[in-house]
Amino acid sequence: MATTLFRTAPAARAALRASSVKPGVAAMASTSFVRGKATLPDLSYDYGALEPHISGKIMELHHKGHHATYVSGLNSALETLEEAKAKNDFISAAAVAPLLNFHGGGHKNHSLFWENLAPASQGGGGEPEGQLKSAIDKDFGSFGTLQAQINAALAGIQGSGWAWLVKDKQAGTLQVITKPNQDPVAGNQIPLLGIDAWEHAYYLQYQNRKAEYFKAIWNVVNWGTVAKRLESA
């Protein structure tokens, strides 16, 4: 992601010299872009399809409101970066880094999140199978242990953030990690399953009972998508 592209002046100069690909775009291949602009992806299910586990009202606000805001913020940051690049303004380019990280991460995280969910009629819920199940059993002992670790990680997030099941390419193992705010999973870690712990993901329905949301969301996890990500990791 663009998080580290502009943290130092040399990195900013290198990014400004690159003219073929917009910074931040290449690292977000899983998200939607049209003619260089990020776009809000369509969902493969209706807003109300995940009820009663996640209400249609929450899904609509989460998608059309919060995710759309990240898309808009990312496009604005990319435009600012292009203007700075045209002027060889390294300072302005470096100043965009936090916005690219927050809005770019928000766009990427949510694009992955929607694909992680599905109603029962489209394969949501149940337990992992095949290669994914074998990998989970190997690295966690059982699916129940994985669930418990992710729920504990979610409960331990202070403020806003995400819990992720990732494949660590260097270690060759599955791991549970957390990320604050909208920081994306990057580097040697490949995101397989992400659960949003921001209040906007659950508060309208669960209010301060977020543990109930963490428990309920397992009923709509799309393990088929998680398995495909593992296969390509």
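Which backbone nitrogen does a side-chain oxygen of asparagine 222 reach at the start of helix 9? Select asparagine 222 and glycine 224 to see: the oxygen comes to within 3.1 Å of the backbone nitrogen of glycine 224. Bear in mind as you click around that this is a predicted model.

**Stop 1: helix 9**

Stay here and colour residues 223–232, which make up helix 9. Its buried residues are Trp223, Thr225, Val226, Ala227, Arg229 and Leu230. Show their side chains, then bring up what they pack against: helix 4, helix 5 and helix 6, along with strand 3 (161–168), strand 4 (173–180) and strand 5 (189–196).

**Stop 2: zoom out**

Now switch to a cartoon of the whole protein. Walking along the sequence, the order is α-β-β-α-α-α-α-α-β-β-β-α-α-α. The protein has 233 residues, and 47% of them count as buried. Take the contacts between residues at least 6 apart in sequence: 69% of these join residues at least 24 apart.

**Stop 3: helix 2 against helix 4**

Hide everything but helix 2 (residues 56–86) and helix 4 (residues 97–115). Their axes come within 8 Å and cross at roughly 140°, which makes helix 2 oblique to helix 4. The crossing is left-handed. On the helix 2 side, the residues making the contact include Met59, His62, His67, Tyr70, Gly73 and Leu74. From helix 4, look for Leu99, Phe102, His103, Gly106, His110 and Trp114, among others.

**Stop 4: histidine 110 and the residues around it**

Centre the view on histidine 110, in helix 4. Is this histidine buried or exposed? Histidine 110 is buried, because its relative accessible area is 0% and the cut-off for buried is under 20%. Leaving out residues up to four places away in sequence, histidine 110 touches His62, His67, Tyr70, Trp162, Gln182, Asp196 and His200.

The side chain of histidine 110 has a polar atom 2.7 Å from the backbone oxygen of glycine 106. Its side chain is also joined to that of histidine 62 by a polar contact of 2.9 Å.

Click on histidine 62 next. This residue sits in helix 2 and is buried, with a relative accessible area of 1%. Beyond its neighbours within four places in sequence, histidine 62 is in contact with His67, His110, Phe113, Trp114, Asp196, His200 and Ala201.

Then go to glycine 106, back in helix 4. Glycine 106 is buried too, at 0% relative accessibility. Not counting residues up to four places away in sequence, glycine 106 touches His67, Tyr70, Asn101 and Gln182.

**Stop 5: the nonpolar cores**

In soluble globular proteins, nonpolar side chains tend to be buried together. Here, the largest nonpolar core has 48 residues, and Ile54, Ile150 and Tyr213 touch the most other members. Select isoleucine 54 and show what surrounds it. Apart from residues up to four places away in sequence, isoleucine 54 touches Met59, Leu117, Gln205, Tyr213, Ile217 and Val220. Another core, of ten residues, lies apart from the largest one; its members include Ala38, Leu78, Leu81 and Leu100.

**Stop 6: helix 5 against helix 6**

Bring back helix 5 (residues 130–140) and helix 6 (residues 143–155), whose axes are 8 Å apart and at an angle of about 70°. The two helices are therefore roughly perpendicular to each other. Their crossing is left-handed. Ile136, Asp137 and Phe140 of helix 5 make the contact with Phe143, Thr145, Leu146 and Gln149 of helix 6.

**Stop 7**

Most residues other than glycine have a negative phi, and most peptide bonds are trans. With that in mind, select glutamate 51 and proline 52: a cis peptide bond joins them, with omega about 5°. Proline 52 lies in the loop between strand 2 (37–39) and helix 2.

Asparagine 88 has a positive phi of about 55° and lies in the loop between helix 2 and helix 3 (90–95). This residue is exposed, with a relative accessible area of 53%. Asparagine 181 has a positive phi of about 55°, and you'll find it in the loop between strand 4 and strand 5. Asparagine 181 is partly exposed, at 38% relative accessible area.

Note on methods: Residues are numbered from 1 along each chain as its sequence is written. This is a predicted model: local features need pLDDT of at least 70, side-chain atom pairs count only at pLDDT 80 or more; totals for chains, interfaces and linings use all residues. Side-chain values use heavy atoms; hydrogens and water are left out. A nonpolar core is a set of buried Ala, Val, Leu, Ile, Met, Phe, Trp, Tyr and Cys residues joined through side-chain atoms within 4.5 Å. Buried means under 20% relative accessible area, exposed over 50%, partly exposed in between (1.4 Å probe, protein chains only). Contact means heavy atoms within 4.5 Å. Helices (H or I, at least four residues) and strands (E, at least two) are DSSP runs, numbered from the N terminus. A polar contact is a pair of N or O atoms within 3.5 Å; within protein, one must be able to donate a hydrogen and the other to accept it, and residues adjacent in sequence count only if both atoms are side-chain atoms. Axes are lines fitted to C-alpha atoms, for helices over the stretch in contact, and angles run from 0 to 180 degrees between N-to-C directions. Angles under 35 degrees count as roughly parallel, over 145 as roughly antiparallel, 65 to 115 as roughly perpendicular and the rest as oblique. A crossing is left-handed if the near helix is turned anticlockwise from the far one by less than a right angle, and right-handed if clockwise.
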